[in-house]
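Please read these notes with the model open beside them.

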Amino acid sequence: MTVLQRVVQVRVGPPGGEGQRFGNDTDGSFGHRIQFATKAGDTGKPAECDLSIYNLSPRSRKLLMDPTNLVSVKAGHASRGARQIFQGSPTVDTLKTVKSGGDWLTKVTLRDGGSGYDNGVLNISFRGKTTARQVLNAILDATGWGEGTVDLGDFQWQRRFVFSGQARVAMDLITSAPAGNRRWFVRDNNVYILKRGAVTAEEAPIFSAESGTLIGSPEPVEGGGVRFKGILDASLRVGRAVKLESKYTTGFFTAVDVAFKGSNYGGDYSVTVKGIPRAS
């Protein structure tokens with residue numbers, strides 16, 4: 001696969017607005033040089049993306065100085081199109097522009113749902129029986145997060161529920177025992193709550209040595225899971241099922257850590273995944 005077939009696009013602007021786009025056209029022709037490295041997991045902490053864009057104008061750099069702006073990163077190939085691999089807001093204190101050879105390189109770290117994670121505060125009091133759903137609704141109001149796939153079970157507090165503090169701590173309360181061994185994470189500013197090993201309803205991408213989508217050999221991890229590297233497939237996200245086909249490891253896994261890395265001007269262009277056995 002040649003470099004010209006890669007597509008990396010970044011769009012920056014106010015939520016709901018068209019914003020400004022940087023990067024390749026969909027046919028793979030060159031635009032701004034862009035590098036990215038993401039890391040996301042089902043730990044409840046905001047996913048991050050280290051983004052680098054070459055030779056931005058001062059006006060364009062200013063867009064990345066506004067923490068209320070939304071940044072979308074898409075990646076893929078000209079033959080199959082580009083899909084979103086990350087969405088988040090710029091962390092202003094990470095923004096810097098440095099000289100790189102004959103170019104100017106702007107670097108910034110994006111965080112997915114970071115504002116709600118840092119600033120969401122709850123002061124709630126429910127009388128009598130209180131369901132996890134009631135608490136979650138209050139959390140969504142406090143953080144501005146949306147809702148993805150959510151499995152709360154039927155847990156409820158039998159007496160009044162009172163909470164005052166950070167919304168993310170309340171998320172830990174409703175997903176920990178006795179709610180039933182659930183994990184939560186934010187993906188594209190939407191909250192997901194799943195039982196350990198459970199997956200979203202999205203179709204599982206396949207990584208195999210035979211198709212050439214698997215890079216190297218999968219490595220076992222503690223607890224029966226696996227870690228592997230494959231060619232960049234933008235459809236793979238945390239919480240999604242993935243099918244692995246290799247000489248020694250074959251089966252379906254739940255993606256609990258997903259890291260994309262790449263550039264539209266050459267070098268690495270891959271996804272690294274930690275998977276645990278998918279719940280039956």
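1. Terms first. Buried means under 20% relative accessible area, exposed over 50%, and partly exposed in between (1.4 Å probe, protein chains only). Helices (H or I, at least four residues) and strands (E, at least two) are DSSP runs, numbered from the N terminus.

2. Basis. This is a predicted model, where local features need pLDDT of at least 70, side-chain atom pairs count only at pLDDT 80 or more, and totals for chains, interfaces and linings use all residues. Residues are numbered from 1 along each chain as its sequence is written, and side-chain values use heavy atoms, with hydrogens and water left out.

3. Helix 3. Residues 132–143 make up this helix of 12 residues. From first C-alpha to last, helix 3 reaches 16 Å, close to the 16 Å expected at 1.5 Å a residue; the expected span is 1.5 Å times one less than the number of residues. Its buried residues are Ala132, Val135, Leu136, Ala138, Ile139, Leu140 and Thr143. Gly144 follows helix 3, with a positive phi near 80 degrees.

4. Helix 4. In residues 167–175, Ala167, Ala170, Met171, Ile174 and Thr175 are buried. They cover an arc of only 130 degrees around the axis, so they sit on the same side of helix 4. The arc is taken from the directions from the helix axis to the C-beta atoms. Among the elements covering these buried residues are helix 3, strand 8 (121–126) and strand 12 (161–166).

5. Cores. A nonpolar core is a set of buried Ala, Val, Leu, Ile, Met, Phe, Trp, Tyr and Cys residues joined through side-chain atoms within 4.5 Å. The largest one has 39 residues, and Val10, Phe36 and Leu51 touch the most other members. Strand 19 (residues 250–263) gives the most to this core, with 4 residues. Another core, of 21 residues, lies apart from it and includes Val135, Ala138, Leu140 and Val191.

6. Val10. Which residues is Val10 in contact with, leaving aside neighbours within four places in sequence? They are Gln20, Arg21, Phe22, Ile34, Leu51, Ile53, Val71, Ser72 and Val73. Contact means heavy atoms within 4.5 Å.

7. Aromatic pairs. The structure holds 6 of them. Rings of Phe, Tyr and Trp (its six-membered ring) pair if their centres lie within 6.5 Å; planes under 30 degrees apart count as stacked, over 60 as edge-to-face and the rest as tilted. Phe36 and Tyr269 have ring centres 6.4 Å apart and planes at 65 degrees, so they are edge-to-face. Phe36 and Tyr269 are buried. Phe155 and Trp157 are edge-to-face too, because their centres are 4.9 Å apart and their planes lie at 75 degrees. Phe155, Trp157 and Phe161 form one aromatic cluster.

8. Charges over rings. The criterion is NZ of Lys or CZ of Arg within 6 Å of the ring centre and within 35 degrees of the ring normal. The charged end of Arg168 sits over the ring of Tyr117, 4.4 Å from its centre. Arg278 lies over the face of Phe252, at 4.4 Å from the ring centre.

9. Loops. Arg159 is in the loop between strand 11 and strand 12, and is exposed at 71% relative accessibility. Asp188 lies in the loop between strand 13 and strand 14, with a positive phi near 55 degrees. Asp188 is buried, at 17% relative accessible area. Asn189 is in the loop between strand 13 and strand 14, has a positive phi of about 65 degrees, and is partly exposed at 27%.
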